[in-house]
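Work through the exercises below with the sequence and the structure at hand, and try each task before reading its solution.

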Amino acid sequence: MRIFCRSASFLGVAALTAALLCASPSRADAAAHPSAAAIAQAGNGHGAAPCMACHGSRGGGQVSSGFPRLAGLNQAYLLKQLNDYASGARDNTIMTPVARTLTATEREALAKYYSVMPVPAAVIKAGANPSGADAPGGQLALRGRWSKQVPACVQCHGPHGMGVGQHFPPLAGQSAAYIASQLQAWQNGTRHNDPLQLMQHVASALDSADIKQVSAWFATQPVGAIKGTP
Ligand code: HEC
Ligand code: HEC
């Protein structure tokens, strides 16, 4: 096809026809393999809704609806979550159908796309006045509860819950509604994708007041100056 395209354009007379013929396959190709940016903005054309409709135009999520931030999260973590929704290890009525209509290549491209997206200003601003150790939820976050064998959340999730590498996602920069929804998802078993059941153990030791307080506490913490904090 490429050889035909090149020689046809030499003929001059056939140039327009060739242009039409040669343009259409690449357009069809783009539709069959949309880029991550195109999927985020307009969906993938075979079932996945535009990510930004829920996760925000800058990947900051939506505080009121509890839709999580994706911008600046670790690439391998994002990919694992998309694969977990697709496989059923993490089950959610909204995200599972979205992930199942993405191809493996699309999931990889989207994980990369969101991992390099800068954290939006609104998310950084939410961490401008962090709650301290004495605020409700602070003790659990910073010291844990050893009577129930719960380590401090920051031991795994890093200082301020900024996240550590690919296994321990940030809690800072997520809304209280989202953090609480995940702790409840572990309690009721719809999320069971954590390595060594670390979070299942933590969540099962918390009551609803703990969940409310610790979620609100982390929602005030700074995301950190360094993007992609290790
Ligand atoms: C209709 C709304 C909606 C759309 C569209 C949507 N999401 Fe989501 N997404 C959610 C909700 C709600 C959750 C949290 C679900 C849960 O509780 O597990 C979520 C969770 C996620 C997570 C897990 C984040 C974390 O911190 O663990 C990833 C990754 C994700 N979405 C990626 C995407 C991508 C990529 C797209 C576009 C192809 C997309 N989403 C489209 C609503 C949506
Ligand atoms: C022993 C280590 C460990 C401790 C302690 C821990 N976590 Fe986690 N947490 C994890 C791991 C691992 C994951 C990621 C699971 C996965 O791969 O999906 C996680 C994920 C989460 C998530 C989901 C984040 C997202 O983007 O979806 C929330 C919310 C969370 N933890 C809250 C807490 C809170 C609150 C505490 C303290 C009460 C806590 N964690 C203590 C290991 C830990």
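This is a predicted model: local features need pLDDT of at least 70, side-chain atom pairs count only at pLDDT 80 or more; totals for chains, interfaces and linings use all residues.

**Exercise 1.** Determine which residues coordinate the iron atom of ligand 1, and find where they lie.

Solution. Begin with the donor atoms from the chain, which are NE2 of His-55 and SD of Met-95, at 2.0 to 2.3 Å from the iron atom of ligand 1.

**Exercise 2.** Work out the geometry around the iron atom of ligand 2.

Solution. Start from the coordinating residues, His-157 through NE2 and Met-199 through SD, at 2.0 to 2.2 Å. The pair links distant parts of the chain, since His-157 sits in helix α10 (residues 153-157) and Met-199 in helix α12 (residues 198-204), 42 residues apart. Then consider the angles: the six donor atoms subtend 85 to 179 degrees around the iron atom of ligand 2, and the arrangement is therefore octahedral. For six octahedral donors, the ideal angles are 90 or 180 degrees.

**Exercise 3.** Describe how helices α5 and α7 pack.

Solution. First take the axes of α5 (residues 75-87) and α7 (residues 104-115), which are 8 Å apart and form an angle of about 140 degrees. The two helices are therefore oblique to each other, and their crossing is right-handed. Finally, look at the contact, to which α5 contributes residues including Leu-78 and Leu-82, while α7 contributes, among others, Leu-110 and Tyr-114. Sorted by class, this contact has seven nonpolar, three polar and three charged residues.

Terms used
Residues are numbered from 1 along each chain as its sequence is written. Chains are lettered from A and ligands numbered from 1 in the order in which they are written. Side-chain values use heavy atoms; hydrogens and water are left out. Axes are lines fitted to C-alpha atoms, for helices over the stretch in contact, and angles run from 0 to 180 degrees between N-to-C directions. Helices (H or I, at least four residues) and strands (E, at least two) are DSSP runs, numbered from the N terminus. Angles under 35 degrees count as roughly parallel, over 145 as roughly antiparallel, 65 to 115 as roughly perpendicular and the rest as oblique. A crossing is left-handed if the near helix is turned anticlockwise from the far one by less than a right angle, and right-handed if clockwise. Contact means heavy atoms within 4.5 Å. Ala, Val, Leu, Ile, Met, Phe, Trp, Tyr, Cys and Pro count as nonpolar, Asp, Glu, Lys and Arg as charged, and the others, Gly among them, as polar. Donors are N, O and S atoms within 2.8 Å of the metal (3.2 Å for Na, K and Ca); water is not among the atoms, so sites may look incomplete. Four donors count as tetrahedral if all angles lie between 85 and 135 degrees; four count as square planar and six as octahedral if opposite donors are over 155 degrees apart and all others between 65 and 115; anything else is irregular.
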